[in-house]
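Have the 3D view open and turn it as you read.

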Amino acid sequence: MPGSHPPAGRLRGCGHPAATGGVSGQDADRHRRRRTRPPGSDPSDGTHQGGSRRGSGPRERESMTPGRPQAAPGPPPVFRIDAAGFLSICVFTLMLIPSNLTISAIGAVGTPALLLGLCALVWWTGAQMNRSTSTLTPPQPIRRAMLSFTIAVLTSYIAATVRPIDDFELNAADRGLLLIASWLGLVLLASDGLVGRRSLDTVLRRLVLAAGIAALIGILQFVTGAAIVDVIQIPGLTPNTSLTSIYDRNGFTRAAGTSSHPIEFGVVLAMVLPLALHFALTDRTRNAVARWLPVALIAVAVPITISRSALVGVAVALVVLIPTWSALRRRISYLVIAGVVLGIYVTIPGMLGTLTRLFTDVSTDGSARSRTDSYSLALEFIERNPLFGRGLSTFLPQYRILDNQYLGLLIEVGFVGTIALLTLFAVAIMSAWVSRRSSRDDTTRSLAQALIAMVAAGAVSFATFDSFGFPQASTLVFLGVGCIGALANTILLDRNDDGLVPPVRFTAAGPAAAGHRARAPEPMNPLIVRRNLRPTRRA
């Protein structure tokens, strides 16, 4: 049709008349020479060593026409890792590398997972420096709550440096800053980088997979009595403690998997259990064995940790999950729980009685008595710096093992920091609840409830052991908070009407809009998977 222009995709084929319209023959020849290359020199140009490939699209048919020059392919795509891939690496590093392997120059907190969290913070910060890719607007409650807790920790660090302090405590305070910076990076990268259910589900599925593998290691430790993980050696990492992963309680072997202690191992599995149940019930794209095997492994591994904290965490997770299920599913779950209890009674004689006495003999239990006897000592330290504390990680284990993270936080970051952390947990749970109420998709609603159960189980476990002293448990809690932020952002973007410009997602092949049209490349950071959080009307 006169005056019309061919589609932009067809303009890239050099043989199309519109590609050289309005120019001289010499200019057209030069244009063709710049845009062509000998056939067969690259498999992607439509031929493979003298043989042609069949193509169904118009561009393929046009480029294969005899006598027409081949269109030169663009530059090869640059490999870029997105937030989902990076966080998947973090998950496998956290769950499968033994917790005692650290970088000796950093100390006990120098785990690979901590370093990846610091990289996440640098990545996120660099992305915010570009106004076209910044995700600072609109404001997000979880980001604000996490930044508030970080500021409280920084304030406690200042309070620690202005008081008389020895070198051991000062080094511990420095390590505390590295911890909070790593957790901040994971929360921000997960919240702003995992936009879309596909990315979020990818990370959480891999977390369930890693937990299933760790649970299997724990079961093998319980059965064989061998540590198994003590033979793992990674260049650059050295063990900071002797990790046997085998402990004893009332004559039973307690497995710790890749964690530093059975308590941490049990709490980690308790936090992942809601996610494993979610995917087992909703992920119909996989077979039943792949969906239910992690659930079964976790259900078997939790009791053999013989941990009061783990059992409390599982109870909290199930209390949050089960009421949201249908009546039929609830009845089946009760039968399954009864079957697990009966199986423990039959296969491991004496185990059920040992687990029961963890709660019935609290008054005579040594670990429980140690917790209660710590209250008077903790109160003395709290009274010295009630508002901002004495600095994160400065209450060293040689002073006293409190087995209560909230009590330790009152000592180290004061009432301000403790309230800020409780506020973070409350904001995360409330955000997930709002996301569940806002979504009409049953799978999304189930995921929101599973994340609530995950964070709730972790928050309750803070009252039963020193979580910040165990890298797997503490990092997993903050990763769950970040995933709740990602789910809330995803639901916010899904509310866009058809008349609004859809967000742009970048891939290795270039930018593509979530709707029907693509946009020109912009200076980008691979973290950025969305833009235009404030929707604008199409022109």
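Let us start with a charged pair: Arg205 and Asp283 join their side chains in a salt bridge, with N and O 2.9 Å apart (a salt bridge is a side-chain nitrogen of Lys or Arg within 4 Å of a carboxyl oxygen of Asp or Glu). This pair links distant parts of the chain, as Arg205 sits in helix H8 and Asp283 in the loop between helix H9 (262-282) and helix H10 (288-304), 78 residues apart. Helices here are DSSP runs of H or I with at least four residues, numbered from the N terminus. Before going on, please note that this is a predicted model, in which local features need pLDDT of at least 70 and side-chain atom pairs count only at pLDDT 80 or more, while totals for chains, interfaces and linings use all residues. Residues are numbered from 1 along each chain as its sequence is written, and side-chain values use heavy atoms, with hydrogens and water left out.

Is Asp283 buried or exposed? Asp283 counts as buried, at 6% relative accessibility, while Arg205 is partly exposed at 29% (buried is under 20% relative accessible area, exposed over 50%, partly exposed in between, with a 1.4 Å probe and protein chains only). Asp283 also forms a salt bridge with Arg286, where the closest N and O atoms are 2.9 Å apart. Arg286 is partly exposed, at 31% relative accessibility.

Back in helix H8 (residues 197-224), Arg197 and Asp201 lie four residues apart, about one turn of the helix. Their side chains meet in a salt bridge of 2.8 Å, N to O, and both residues are buried. The whole structure has seven salt bridges.

Now for the rings. The structure holds eleven aromatic pairs (rings of Phe, Tyr and Trp, the last by its six-membered ring, pair if their centres lie within 6.5 Å; planes under 30 degrees apart count as stacked, over 60 as edge-to-face and the rest as tilted). One of them is Phe86 with Trp123, an edge-to-face pair with 5.4 Å centre to centre and 85 degrees between the planes. Phe86 is in helix H4 (residues 83-96) and Trp123 in helix H5 (residues 112-128), so the pair ties together parts 37 residues apart in sequence. Phe86 is buried at 10% relative accessible area, and Trp123 is buried at 12%.

Phe381 and Phe395 are also edge-to-face, because their planes stand at 85 degrees, with the ring centres 5.0 Å apart. Arg384 lies over the face of Phe381, 4.7 Å from the ring centre (a charge sits over a ring if NZ of Lys or CZ of Arg is within 6 Å of the ring centre and within 35 degrees of the ring normal).

Finally, look inside. A cavity is a set of points on a 1 Å grid over the protein atoms alone where a 1.4 Å probe fits but cannot get out, and its lining residues have an atom within 4 Å of a point. The largest cavity has a volume of about 80 Å³, and its lining includes Thr93, Pro112 and Gln472. A volume is the space filled by probe spheres set on the points, which are joined across faces, edges and corners. H4, H5 and helix H19 (471-494) each supply at least two residues of this lining.

Technical notes: On a 1 Å grid over the protein atoms alone, a cavity is a set of points where a 1.4 Å probe fits but cannot get out, and a pocket is an open set with protein on both sides within 12 Å along at least five of seven lines; lining residues have an atom within 4 Å of a point.
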